[in-house]
There are 2 protein chains.
Amino acid sequence: MQTTTLINRQVRLAARPVGLPKPGDWQFTEAPVPALAEGELLVKVLYISLDPAMRGWMNEGKSYIPPVGLREVMRASGVGRVIASRAAGFAEGDYVTALTGVQEYWVGRADASVARIDLRLAPAPVWLNALGMPGMTGYFGLIEVGRARAGDTVVVSGAAGAVGQTVGQVARHLGCRAVGIAGGPAKCEFVVKELGFDACIDYKAGNLRDGLKTHCPEGVDVYFDNVGGEILDTVLTRIRLHARIVICGAISQYNNTAPVTGPSNYLSLLVNRARMEGMVVFDFADRYAEGVQAIAKWIAEGSFKTREDIVSGLENFPQALLMLFEGKNFGKLVLQVAPD
Amino acid sequence: MQTTTLINRQVRLAARPVGLPKPGDWQFTEAPVPALAEGELLVKVLYISLDPAMRGWMNEGKSYIPPVGLREVMRASGVGRVIASRAAGFAEGDYVTALTGVQEYWVGRADASVARIDLRLAPAPVWLNALGMPGMTGYFGLIEVGRARAGDTVVVSGAAGAVGQTVGQVARHLGCRAVGIAGGPAKCEFVVKELGFDACIDYKAGNLRDGLKTHCPEGVDVYFDNVGGEILDTVLTRIRLHARIVICGAISQYNNTAPVTGPSNYLSLLVNRARMEGMVVFDFADRYAEGVQAIAKWIAEGSFKTREDIVSGLENFPQALLMLFEGKNFGKLVLQVAPD
């Protein structure tokens, strides 16, 4: 085993950011890869998922998972290749997804959070997108929390992003009308022409309210919210009786230094006997296989598209992460750490 | 029939209020009672329910029911005695609840909104409280929307008010821990000692957050919100996994001239996979008999208390309504229009 001679480059959280993460909030370190204990894997990390949720993990305080500790390797989902295994069920050469963290090599226990993946179904980055957490978030969030049914009008913000892509395409497969909200004409065109949404509203053009009237003439049955802020508040004015709002994220608020802006129009929930419900994808972990199977089948049939925005090089992690909060990524943002 | 000689004093909406309703927003008029058409009843109004929801009915714009029109008799639920009937199933001397409006006599069709009541089960004002809309709101809101289950910790704001009284007492009957939020020590003492809540937090004492920590040490499973604003926002910080927040009203916001304050802590719904859902009691109209039967049985057994705050005289309607928004009523606020 060569493992003890490998040097692992890692990105650690140096300071808790105030507002947008700054370069000084990160620390690049190098350390030798430790020897494997029984039950552990050594994985060469190929791709890392860059997710809005990462911003929340950098804050102190209670949330759905503990924060990343100071001087710890930044938490991230990744895809990698097993280069040494002392765990049953995993062999050298297997591809896996795991919470690898932002580093070149991951050593850890082969527990339930590690899954073997089949690159014949889709290339590695797709396993961080439609076949990974974002896909599972969109799939189970729409079906189980949003309770979307054929004939419903489904609106999703961040429509060109990782979760949004999935929500709209799953909605279409369910027989719903799918209306996206995205920033800029290029994203909107992609969402309609490539992904097959019925419509997409460019919120940057400043006509969200009119767009909702035009494209959701009977109102909104399901709103899948990835952004919060003014967009959530505007959609609240257009919901239908018994609407369901899935609170999946609030990217507009994650870098706030002031308090989060609450939805001023929340009493629309009362008028419309509607529901706003939070979701965390991990709650559906025991059903990921079902979600992966459904989406992989649609991908194979050609009725489900994915788009990734791939940035290369571990050293580019800090700048790449900022793209999410500036809406600069076009598709699921992935950091390539090593060639496949 | 003497009906054509009766003079009916009425309270009409003269102007749409800005902020708290002013005396000039009302108009007192007199008109002869019209002759009865086939299918109609003439009811002498005895008690009128004063409800926070009335404030919303005075505003223009879409809501769960149309606004009261300018120069129309103000909408209100009432209890009265049938003094003439041309409707099958109703006889002179029957007591009924109906949307009588704020006036001395009501003439209208004996449709599904008119219900005969039995004063042997409870005195007339109770039929505007625990056995009326507020009671049904609390009963079905807690059970069907809040999905309260034995062992849950249930928190209700406006605990000494009409809906709050019912929510806490139904919660206790379900085997829940019932914690009230009310303004001032007298209301809190009443809620605990008379109504049997497990605890009550005086929000005016300025220690709501600490009170919730003390009295809901494991967090809040169901929050029944009648008030909105800061109280809702504070409770959001203490909800448990899979909590249900019933949005029944927002009395703190009804007289706003600025936009409603949205719940800044709504992302607690995400962290806790919790739900916030609006309710309107009319949706449960076909099940009122079930709710009345359950609560009337508890009243008869002595395990359910009600408290009404009765103001006398139609002329006192404008001032009495303001008591609601100043938290001055102690118990369900009822206006007595005529002696029983």
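**View 1. Leu270(A) in helix α7 of chain A.** In this predicted model, Leu270(A) is found in helix α7 of chain A. Leu270(A) has 24 C-beta neighbours inside 10 Å and therefore counts as buried, the cut-off for that class being 20 or more. Within its own chain, Leu270(A) can be viewed together with Leu241(A), which is 29 residues away along the chain and whose C-alpha atom is separated from that of Leu270(A) by 9.6 Å.

**View 2. The contact between chain B and chain A.** On the side of chain B, 25 residues are in contact with 25 residues of chain A. The elements of chain B that give two or more residues to the side touching chain A are α7 and β13, and β13(B) provides the largest share of that side, with four residues. Divided by class, the residues on this side of chain B are 15 nonpolar, six polar and four charged. Of the interface residues of chain B, 100% are also interface residues in chain A, so the copies meet through the same surface.

**View 3. Strand pairing between β13(A) and β13(B).** The two strands run antiparallel and are joined by three bridges. One residue that can be followed across the pairing is Arg275(A), whose bridge partner in β13(B) is Glu277(B).

**View 4. The rotation axis that relates the two chains.** Two copies of a chain are related by a rotation about an axis and a shift along it. Here, chain B can be laid on chain A with an RMSD of 0.0 Å by a turn of 180 degrees, together with a shift of 0.0 Å along the axis. That is the relation of a two-fold axis. Among the residues of chain B, Gly262(B) comes closest to the rotation axis, with its C-alpha atom at 2.1 Å.

View 5. In chain A, Arg273(A) is found in the loop between α7 (268–271) and β13 (275–278), and its phi is near 45 degrees, which is a positive value in a residue other than glycine. Arg273(A) counts as partly exposed because it has 19 C-beta neighbours inside 10 Å. In chain B, Arg273(B) is found in the loop between α7 (268–271) and β13 (275–278) of that chain, and the phi of Arg273(B) is near 45 degrees, again a positive value in a residue other than glycine. With 19 C-beta neighbours inside 10 Å, Arg273(B) counts as partly exposed.

**View 6. Strand β8 of chain B and its pairing with β9(B).** Strand β8 of chain B covers residues 153–157, and five of its five residues are buried, so the strand is largely enclosed by the rest of the structure. Thr153(B), Val155(B) and Ser157(B) point one way from β8(B), whereas Val154(B) and Val156(B) point the other way, and all of these residues are buried. Five bridges join β8(B) to strand β9 of chain B (residues 177–182), and the two strands run parallel. One of the pairs can be traced from Thr153(B), whose bridge partner in β9(B) is Arg177(B).

**View 7. Val154 in the largest nonpolar core.** In soluble globular proteins, nonpolar side chains tend to be buried together. The largest nonpolar core of this model has 209 residues, and those with the most contacts inside it are Val154(A) and Val154(B). Leaving aside its neighbours within four places in sequence, Val154(B) is in contact with residues that include Leu142(B), Ala148(B), Val167(B), Ala171(B), Val222(B) and Phe224(B). Also among the contacts of Val154(B) are Cys176(B), Arg177(B), Ala178(B) and Asp221(B).

**View 8. The two domains of chain A where they touch.** The domain assignment of chain A gives domain 1, made of 3–129 + 307–336, and domain 2, made of 133–282. The C-alpha centres of these two domains of chain A lie 28 Å apart, and 18 residues of domain 1 are in contact with 15 residues of domain 2. On the side of domain 1 that touches domain 2, the elements giving two or more residues are α1 (53–57) and α9 (317–325) of chain A, of which α1(A) gives the most, with three residues. By class, this side of domain 1 of chain A has eight nonpolar, seven polar and three charged residues.

How values were computed: Residues are numbered from 1 along each chain as its sequence is written. Chains are lettered from A and ligands numbered from 1 in the order in which they are written. This is a predicted model: local features need pLDDT of at least 70, side-chain atom pairs count only at pLDDT 80 or more; totals for chains, interfaces and linings use all residues. Domain bounds come from an automatic or database domain assignment. Two residues are in contact if their C-beta atoms, placed from the backbone, lie within 7 Å. Ala, Val, Leu, Ile, Met, Phe, Trp, Tyr, Cys and Pro count as nonpolar, Asp, Glu, Lys and Arg as charged, and the others, Gly among them, as polar. Copies are superposed by least squares on the C-alpha atoms of residues with pLDDT of at least 70 in both. A nonpolar core is a set of buried Ala, Val, Leu, Ile, Met, Phe, Trp, Tyr and Cys residues joined through C-beta atoms within 7 Å. A residue is buried if 20 or more other C-beta atoms lie within 10 Å of its own, exposed if 12 or fewer, and partly exposed in between; C-beta atoms are placed from the backbone. Two strands pair if DSSP finds at least two bridges between them.
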